[in-house]
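Let's take a friendly tour of the aromatic rings in this protein. Have the structure open as you read.

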Amino acid sequence: MICPSCSNVADSAEKYCSRCGLALTTRSQKLLSAAGTFSWIMRRALGGMFAGIIGWMLSIALNRVMSMDTAPSLTVELLVRFAIVGTFLGNVGGIIERSSYKALLGGVLGCIGGIIGGLINRPVYDLFANSTSAYSISHLISWGVVGLFVGMTSGLIERNRKKIIAGLVAGIVGGSIGGILGSTLYAGLLMDPSRSSWLTFRFIEASAGAVVGINLWLVLGLVEKLYIFRRKQISAGSEKVCDFCHTQNSLRAWYCKNCGRTLQFAASVEKLKITPYRALERISNAFKFLSWLSAVAGIVIVVIIFISLLFQNILFAIFVSVALAIAIYIISVVLNGISEMLVKFMKIKESE
Ligand SMILES: [Zn+2]
Ligand SMILES: [Zn+2]
């Protein structure tokens, strides 16, 4: 058992925490697990926020670069925005779980959702052109489509049709809420003529992306935690046995080492070794997340810059792309290094 007040790890037979004296009842344990669930969902919402901010700002910067030669049509502009933000939002779950193939699958799904969402945005707007809420409706539907695709990721990996549908519905709901709030906020702030400095514009873009990302991942995270990732508590014995091929896996395993399928068991917290330095662990995880996210942003930026410069000068395109790739690689490694340093610090403290 873990004391919900001071995080002291106690024997399951102990009635009171030996460090702070709190009664260790099933109710206090329920409180601890509720707090754990809450922070689990908040982690996804925060991840969605960072991904939304970076995606939105990047898409606007790209649209600005593209419009230097010839102004792109509104459809292209919308397509670029939705596809890029969709890719970033789709990455969130995989990055948090440190699974690159899940991040890739989510990113591809988010990008497809973004392309469809971007293409239908203007037609939907025209359909409701007489209504004052045409702008809101079109963004509600477009972001709902992005959410639909992003939401399917976890269910697809578990190869479970019910979970795919649950994620898809959660994605539509979260995406629609985020879309209507984010785009209304964005349009409202942009139309205000008193806000015109460079910094305010960047802030407006960042907050629009943040609102879309937070709402999508808050709803999706809730459904993932309560339904899609619901696991059987492990009973007697100390191994997770695969439902599909019956291979025994260690308690720390999430996926079967033999067939790669998701393990449908969870070990209770006291069976896993956890660090008492949980705030440090969270900060470390946040840096790890930003390290991955900057790598994703780097890949997107390098590919786009390379393609756009290719038609002007091939050598220059290669030179700029390589220089950019190195710069982003350094940023990503430094962020990862900070994360690892914090982990090391946690372990030093633990062994004292
Ligand atoms: Zn305690
Ligand atoms: Zn298996």
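## The aromatic cluster

Trp-56, Phe-82, Trp-143 and Tyr-186 come together as one aromatic cluster. The model is predicted, so to speak of local features a pLDDT of at least 70 is needed, side-chain atom pairs count only at pLDDT 80 or more, and totals for chains, interfaces and linings use all residues. Residues are numbered from 1 along each chain as its sequence is written, chains are lettered from A and ligands numbered from 1 in the order written, and side-chain values use heavy atoms, leaving out hydrogens and water.

## Ring pairs

The whole structure holds 4 aromatic pairs; rings of Phe, Tyr and Trp (its six-membered ring) pair if their centres lie within 6.5 Å, with planes under 30 degrees apart called stacked, over 60 edge-to-face and the rest tilted. One of them is Trp-40 with Phe-229, edge-to-face at 5.8 Å centre to centre and 80 degrees between the planes. Trp-40 belongs to helix α1 (residues 26–66) and Phe-229 to the loop between α6 (198–228) and β1 (232–233), so this pair ties together parts 189 residues apart in sequence. Here helices (H or I, at least four residues) and strands (E, at least two) are DSSP runs, numbered from the N terminus.

Trp-40 is buried at 15% relative accessibility, and Phe-229 is buried at 16%; buried means under 20% relative accessible area, exposed over 50%, partly exposed in between (1.4 Å probe, protein chains only).

## Charge over a ring

The charged end of Arg-261 sits over the ring of Phe-244, 3.5 Å from its centre. Such a contact needs NZ of Lys or CZ of Arg within 6 Å of the ring centre and within 35 degrees of the ring normal.
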